[in-house]
Each structure stands twice: as C-alpha cells, then as structure tokens.
Amino acid sequence: MTVHVRAVSPEACPALVLNADFRPLSYYPLSIWCWQDAIKAVFLDRVNIVSLYDLTVRSPSFEMRLPSVVSLKTYVKPSRFPAFTRFNVFLRDRFTCQYCGERDELTFDHVVPRSKGGLTSWENVVAACSCCNLKKGDLLPAAARMWPATMPFQPTVHDLHQNGRLFPPNYLHESWMDYLYWDSELEP
C-alpha cells in the first residue's frame with residue numbers, strides 16, 4: 001500500500017473508485033467518491049483500500065488515514081450500452097460540433113429533423129454548435145449541404161471510456177495514475 005503526501009483538507013482528498021478488476025468504474029465522469037463516502041464504504045466492508053493520503057481524520061474514539069484509491073470487493077458488471085443522454089452524445093462526439101468542428105455553445109441536432117420523421121435516438125442525433133444548428137434548421141443534410149463528420153451511432157460503454165480519457169478532470173492525484181491508463185496501448 002502506498003502513502004501520498006501533500007493533502008491539505010479532507011475535502012481536497014477524493015478517492016478514486018476502482019471496480020474489483022482494478023479498472024475505474026467510469027472515466028468520464030471519473031469515478032470518485034468524497035472522503036466521507038470512501039470511509040463509509042471501508043466501514044461497511046464494501047471496498048479494499050489500495051492507496052492512502054497522508055492525511056488523518058479523527059473523532060474522539062477513532063482515527064484513520066484517508067483512502068486515495070479504493071477497489072470494490074464485488075465486481076460490478078458495466079452495462080454494454082450507456083444511457084442516451086445529452087452529455088453522452090457530447091462525449092461520443094468528443095464535445096465537437098459534427099458540422100464545423102467548433103467546441104463552444106454545443107447543443108444537439110437531429111440529422112433527419114423530427115418534422116421529417118427523424119427520431120430522437122443515438123442513430124439520429126449529433127452534437128452541433130448553436131450556429132450550425134440554426135443554419136441547418138429543419139432541413140435534411142443534402143438540402144442544407146451539411147453532413148456530420150461522423151455519422152451518429154449507438155456507442156458502447158467502451159467507446160465512451162475511450163473518449164473520456166481525452167478529457168481528464170481538473171484533479172488527478174498522482175496515486176491514481178497507475179489505475180487510470182494501465183490498459184492503454186504502449187508505444188514501441
């Protein structure tokens with residue numbers, strides 16, 4: 001077990017949560033728990049402590065160093081397909097307008113407009129900036145002369161994990177690095 005220094009307050013010490021196979025439960029958003037939830041899981045014997053911060057919390061009858069990385073004792077089988085949400089559409093499309101490549105003011109667009117029979121589904125919705133969404137309006141791609149860079153598709157959880165790695169959160173503790181990208185392909 002490793003111990004890591006530099007923690008200041010418990011609020012600055014979230015715990016990275018790994019599945020029983022030592023892979024993060026999710027990459028984006030990164031699977032982390034606040035220090036209180038991590039300690040509660042330890043007491044309920046639901047996790048193993050993998051790594052610790054060098055910060056101790058105390059009560060009148062108890063003291064404990066805060067977990068930096070925990071692994072679940074029971075494997076949670078990830079679902080094959082993620083929920084169809086606005087956020088997951090943006091993540092699938094790498095937070096990029098599929099018409100012009102812009103990253104600001106994202107919304108989503110029905111490739112085949114709903115007024116023309118298009119469904120609100122993985123296979124018909126793409127991330128689009130406000131400007132392109134207004135420009136395309138209620139037209140089919142051929143009429144608008146606007147085609148998505150990547151045709152919409154239903155991603156797997158793996159697809160979203162891969163894309164999530166491209167957008168790391170603001171806070172990554174050094175003790176987490178061994179567990180975040182261990183299954184990445186190595187360069188020769």
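Q: In which strand is the place of Val17?
A: In this predicted model, the chain holds 6 helices and 7 strands, and the residue considered here belongs to one of the strands. The place of Val17 is in strand E2.

Q: Is Val17 buried or exposed, and what is its relative accessible area?
A: Val17 touches Pro24, Leu25, Ser31, Ile32, Trp33, Val70 and Leu72, leaving aside residues up to four places away in sequence. Because a residue counts as buried under 20% relative accessible area, Val17 falls in the buried class, with a value of 1%.

Q: Which residues of helix H1 are buried?
A: Helix H1 spans residues 35-43, and on the other side of this helix Lys40 and Phe43 are exposed. The buried residues of H1 are Trp35, Ala38, Ile39 and Ala41.

Q: Why do the buried residues of H1 line one face of the helix, and within what arc do they fall?
A: The buried residues in question are Trp35, Ala38, Ile39 and Ala41. In general, an α-helix has 3.6 residues a turn, so residues three or four places apart point the same way. Seen down the axis of H1, its buried residues line one face because they fall within an arc of 160°.

Q: Which strands are included in what covers the buried residues of H1?
A: The cover over the buried residues of H1 includes strands from several stretches of the sequence, among them strand E2 at 15-18 and strand E3 at 32-33. Strand E2 is also where Val17 has its place. The strands included in this cover are E2, E3, E4 (47-59) and E5 (62-72).

Q: Which residue that follows H1 has a positive phi?
A: The backbone after H1 includes a residue whose phi is positive, near 60°. That residue is Asp45.

Q: Is Asn124 buried or exposed, and what is its relative accessible area?
A: Asn124 lies in the loop between strand E6 (106-110) and strand E7 (125-129). Not counting residues up to four places away in sequence, Asn124 touches Asp109, His110, Val111, Val112, Gly118, Leu119 and Pro152. Asn124 is buried, and its relative accessible area is 7%.

Q: Among contacts between residues at least 6 apart in sequence, what share joins residues at least 24 apart?
A: The chain has 188 residues, of which buried residues make up 41%. Among contacts between residues at least 6 apart in sequence, the share joining residues at least 24 apart is 64%.

Methods: Residues numbered from 1 in each chain as written. Predicted model: local features only at pLDDT ≥ 70, side-chain atom pairs only at ≥ 80, totals over all residues. Heavy atoms only, no water. Buried < 20%, exposed > 50% of the residue type's maximum accessible area, 1.4 Å probe, protein only. Helix = DSSP H or I, 4+ residues; strand = E, 2+ residues; numbered from the N terminus. Arc of directions from axis to C-beta. Contact = heavy atoms within 4.5 Å.
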